[in-house]
Amino acid sequence: MKKLFISLVITLSSVVSFASNLENTNESNTSKLSEMVAKAEANDWETYTKAALLSINWNADLALAKEWIDTAISIDENAKNLEVLGDYYVRLGQTDKALATYMKALSTDTVKIEKENRESIQRKIMLYGRK
């Protein structure tokens, strides 16, 4: 019984320690991304897009990610940043908005869109278009 109690205490302390480290990592990542955006040129939509994508993928500050992706889109609306906006909606569980945004992304840069980016968007449309 004593060994079981000690094992439970150790396991619980490990979980608490892991959770606090994870939270500190997200805060650190967000501050690094904020720093990166602060150094960006006013018309550098790519930096805003990259920062938003990383923030979304890390499930960090989603409000800040939305602000960054909106800024990127206001500078130059293109398939890449619209795809990231769709990813943002997926993270929020708003798959209908995500699907509409992916469709818009695919039709925005029909000629200029890179093959890899087009295929990525098409996969997401197929995934979230199924109901």
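Start with the largest nonpolar core, which has 27 residues. Such a core is a set of buried Ala, Val, Leu, Ile, Met, Phe, Trp, Tyr and Cys residues joined through side-chain atoms within 4.5 Å; buried means under 20% relative accessible area with a 1.4 Å probe, protein chains only. Select Ala52, Ile56, Trp68, Ile69, Leu85, Tyr88 and Ile121: these touch the most other members. This is a predicted model, where local features need pLDDT of at least 70 and side-chain atom pairs count only at pLDDT 80 or more, while totals for chains, interfaces and linings use all residues. Residues are numbered from 1 along each chain as its sequence is written, and side-chain values use heavy atoms, without hydrogens or water.

Next, colour by helix. α1 (2-38), α2 (45-57), α3 (62-75), α4, α5 and α6 (115-129) each supply at least two core residues. α3 gives the most, with seven. Helices here are DSSP runs of H or I, at least four residues, numbered from the N terminus. The chain has six helices and zero strands.

Now select α4 (residues 79-92) and α5 (residues 95-108). They pack at about 170°, axes 8 Å apart. The axes are lines fitted to C-alpha atoms over the stretch in contact, with angles running from 0 to 180 degrees between N-to-C directions. That makes α4 roughly antiparallel to α5 (angles over 145 degrees). On α4, show contact residues including Leu82, Leu85 and Tyr89; on α5, Ala98, Tyr102 and Ala105 are among them. Contact means heavy atoms within 4.5 Å.

Finally, centre on Ile121. Beyond its neighbours within four places in sequence, Ile121 contacts Ala79, Glu83, Tyr102, Ala105, Leu106 and Ile113.

How values were computed: Angles under 35 degrees count as roughly parallel, over 145 as roughly antiparallel, 65 to 115 as roughly perpendicular and the rest as oblique. Buried means under 20% relative accessible area, exposed over 50%, partly exposed in between (1.4 Å probe, protein chains only).
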